[in-house]
Amino acid sequence: MTYCVAVKLNAGMVFLSDSRTNAGLDQISTFRKMIVYEKPGDRFMCLLSAGNLSVSQSVREILQVEQLQDVDGGEPITIWNARSMFDAARVLGAAVRHVYERDGESLQRAGVEFNVSMIFGGQIQGEGMRLFQIYSAGNFIEATSETPFFQVGESKYGKPVLDRVIAPETPLDEAAKCVLVSMDSTLKSNLSVGLPLDLVVYEANQLQSDKITCIDNDNPYFRMLHNTWGQKLREVFDSIEDPTWDDAHTDVPLLTKGARNQPLKKISNAREKLI
């Protein structure tokens, strides 16, 4: 399993991925799930992948040379000459379908699902930043101001903090901190996600990024974040009043009279009915 997350903000974009691949309890390996395509001053693109490793590696390889016919009769469209991120995402979708046409039937005969999920985002000169999620069929959706982040892989543990913090106006450094907390929560709850992590922060309209780092067990910031987040969560939890079940005074009673919904009915013998 894996966990990848990408966020699109007014100020830029943040990408984060783990590197664990799990093919069984005794087959845990490290493979990077992120790749950056950059032509400084012209385009910056980042690709994150989850799912079947053989499929995602093949897609990444084919993406380098995949071409789409230009309906206007120009040269074939690639990720290196696409005039928009939408066209670049179309090229990626074509690469996914290319791999499916080549390997899908053989995988099915072997009882292996053609499974790949990808996040693809960045900026091409002449347009704003865009972020897409690509599915196994090669189709995709685009992030909006209402949904400014995408996750693929083991996403459920890291989603609550993203929902509470991330908004288009969130500063880049705060968003980077948030996605790292999201990853830490996932690492805590799921052994199929693991270090090292790849983190990329892209500033809007720069068309390149030097804020690229690999985070392992010895990274001081991530160790601090892990310890602080756990400690602060415990402090907040302890500060919340326990539920009161007796007549003791409280401003926030758990048992209330006249509530619209009544407590669960107890069945005391075989003749009683639920309804």
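Guide: Let's start with β5 and β6, which run antiparallel and are joined by six bridges. Helices and strands here are DSSP runs numbered from the N terminus, with at least four residues of type H or I for a helix and at least two of type E for a strand. Two strands count as paired if DSSP finds at least two bridges between them.

Before going further, please keep in mind that this is a predicted model, in which local features need a pLDDT of at least 70 and side-chain atom pairs count only at pLDDT 80 or more, while totals for chains, interfaces and linings use all residues. Residues are numbered from 1 along each chain as its sequence is written, and side-chain values use heavy atoms, with hydrogens and water left out.

Back to our pair of strands. Y37 has M45 in β6 as its bridge partner. Three residues separate β5 from β6 in a hairpin, and G41 in the turn has a positive phi of about 85°. β6 also pairs with β7, in the antiparallel sense and over nine bridges; there, L47 stands opposite F120 in β7. Eight of the nine residues of β6 are buried, leaving this strand mostly covered. Buried means under 20% relative accessible area, exposed means over 50%, and partly exposed lies in between (with a 1.4 Å probe and protein chains only).

As background, strands of a sheet pair through backbone hydrogen bonds, in a parallel or an antiparallel way.

At the β9 end, β8 and β9 pair over three bridges in the antiparallel sense, and F132 has E142 in β9 as its bridge partner. Next, look at Q133, which is found in strand β8 (residues 130–134). Q133 counts as buried because its relative accessibility is 12%. Leaving aside neighbours within four places in sequence, Q133 is in contact with M118, N139, F140, I141, F150, Q151 and V152. Contact means heavy atoms within 4.5 Å.

L162 lies in helix α3 (residues 159–165) and counts as buried because its relative accessibility is 0%. Not counting residues up to four places away in sequence, L162 touches Y3, V5, F149, Q151, C178, V179 and S182. One of these, V5, is 157 residues from L162 in sequence, with 9.8 Å between them in space, C-alpha to C-alpha.

Helix α4 (residues 172–189) packs against helix α5 (residues 220–239) at an angle of about 70°, with the axes 10 Å apart. α4 and α5 are therefore roughly perpendicular; angles of 65 to 115 degrees count that way, under 35 is roughly parallel, over 145 is roughly antiparallel and the rest are oblique. The contact involves K177, L180, V181, D184, S185 and L187 of α4, together with Y221, F222, L225, H226 and W229 of α5. These contact residues divide into seven nonpolar, two polar and two charged. In this scheme, Ala, Val, Leu, Ile, Met, Phe, Trp, Tyr, Cys and Pro are nonpolar, Asp, Glu, Lys and Arg are charged, and the others, Gly among them, are polar.

With a relative accessibility of 18%, S185 counts as buried. Apart from its neighbours within four places in sequence, S185 is in contact with Y157 and W229.

Key: Axes are lines fitted to C-alpha atoms, for helices over the stretch in contact, and angles run from 0 to 180 degrees between N-to-C directions.
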